[in-house]
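Subject: A structure for you to look at

Hi,

Here is the structure I promised to pass on. Please open it next to this email and follow along as you read.

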Amino acid sequence: MKKFTEQEKLDLLKDLVAMKSVNDNEIEVAEYLKKLFAQYGIDSQIIPVTEKRVNLVAQIGSGKPVIGISGHMDVVSPGNLDDWDTDPFELVEKDGKLFGRGTNDMKAGLLDLAIALIELKENNTLPKGTVKFMATTGEEVGAAGSKKLYEEGYMQDVECLWVAEPSCDVIIYSHKGSLNFKITSLGVAAHSSMPDKGYNAINPLMAYLLEVDKICNGDTRSNEILGRLVMSTTIIEGGTQVNSIPDKAVAQINCRTIPEFDNDEVIQIFQDLAAKYNAERGSQIQVEVTMSLPSVFTTGKSKMVDLTIELSKKYFGKDVTIQGSTGVTDASNLLRGKGKDFPFMMFGPGETFMAHKANEYVWKENYLKFSDFYQDLIIGLTQD
């Protein structure tokens, strides 16, 4: 019987945290997991997305039901290293916590899925069906990996899915979409003493941003679980020096969308308003959509969710609630074309509030327990 020891689990996490997959270089993580799976006779496939960015898919079992389990291999930048008490790429244990970039979001969750897959296979404890493990690239920016998996049909036969994102206290069954824009305003440079000889690119951009903000954030439509759409202008750049009329200004915007006010409608608003400004004001405003991930809206009513609530009492001694989230997961791509009754959840060993922070950590006890929890969940889902 194969059972990973506590030290083996910690060594695996130590190795993964040391890999600097800061929204790049996920191939190092994928090759590590592929080698780990191979030690236990599990075939896996590396799926290129770009030269150094790949997905990894592995599976055990055969037939139905087909259970999808997923996590991403990239992490966000550690930011200012002075804000860290330890080296962000070294696993450090202190006060029952495991510190390091990606421990919480979400290499601990990814490894718990991998360990569960290995132990189920080695101990022959999967009653029936198929478990499909999908490790993705680029979730933190753009979600190119999950988009590739959807486009190449890896989700076609999957009958339920969970993503092991940090959420140990709450089952997330729906979340907002995320939509990014790059808005470029072009003008004509001139000396600031002669503005009439040029065209200030900043002025129409400012007016455009205020108007599109009023349209989007002023819309009163609301989702019963996710609330209202939220639009935020997050980056503005323009001009080169104080005494020159700027010939270019750029803004970047993020929208968190809902089913009632979806990505396509927001994109159309941005494009129509730019066309209006260009026709009526002589501006040159260009709209580029740099990311478009739709919202995920499911009922949360499934055997998977019910069993997770039951098993959480057994493993963690607490009642977990279910709710929607303002964040986004790879499910935005993986669940394209699935209906609202599709069983989906986000549930993993980390805590949502710790994502992207300096001194990121996951509770050691959670990391050690979640692989067993996942096995029980899979076994429960594949039993008649």
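First, some ground rules. This is a predicted model, in which local features need pLDDT of at least 70 and side-chain atom pairs count only at pLDDT 80 or more, while totals for chains, interfaces and linings use all residues. Residues are numbered from 1 along each chain as its sequence is written, and side-chain values use heavy atoms, with hydrogens and water left out. Helices (H or I, at least four residues) and strands (E, at least two) are DSSP runs, numbered from the N terminus.

Let's start with helix α2, residues 26–39. (The expected span is 1.5 Å times one less than the number of residues.) Which residues of α2 are buried? They are E26, V29, A30, L33, L36 and F37, where buried means under 20% relative accessible area, exposed over 50%, and partly exposed in between (1.4 Å probe, protein chains only). Seen down the axis, these buried residues fall within an arc of 125°, so they line one face of α2; the arc is that of the directions from the helix axis to the C-beta atoms. K35, A38 and Q39 are exposed on the face turned away from that side. After α2 comes G41, with a positive phi near 70°.

Now try helix α6, residues 263–281. Its buried residues are N263, V266, I267, I269, F270, L273, A274 and Y277. Down the axis of α6 they fall within an arc of 155°, so they too line one face. Exposed on the face turned away are D264, A279 and E280.

One partner of α6 is α5 (residues 202–217): the two pack at an angle of about 145°, with axes 11 Å apart. (Axes are lines fitted to C-alpha atoms, for helices over the stretch in contact, and angles run from 0 to 180 degrees between N-to-C directions.) Contact means heavy atoms within 4.5 Å, and among the residues making it are Y208 and I215 of α5 and F270 and L273 of α6.

Finally, look at I236 in strand β13, residues 230–238. Is I236 buried or exposed? I236 is exposed, with a relative accessible area of 59%. Not counting residues up to four places away in sequence, I236 touches L209, V250 and A251.

Enjoy exploring!

Note on methods. Expected span 1.5 Å × (residues − 1).
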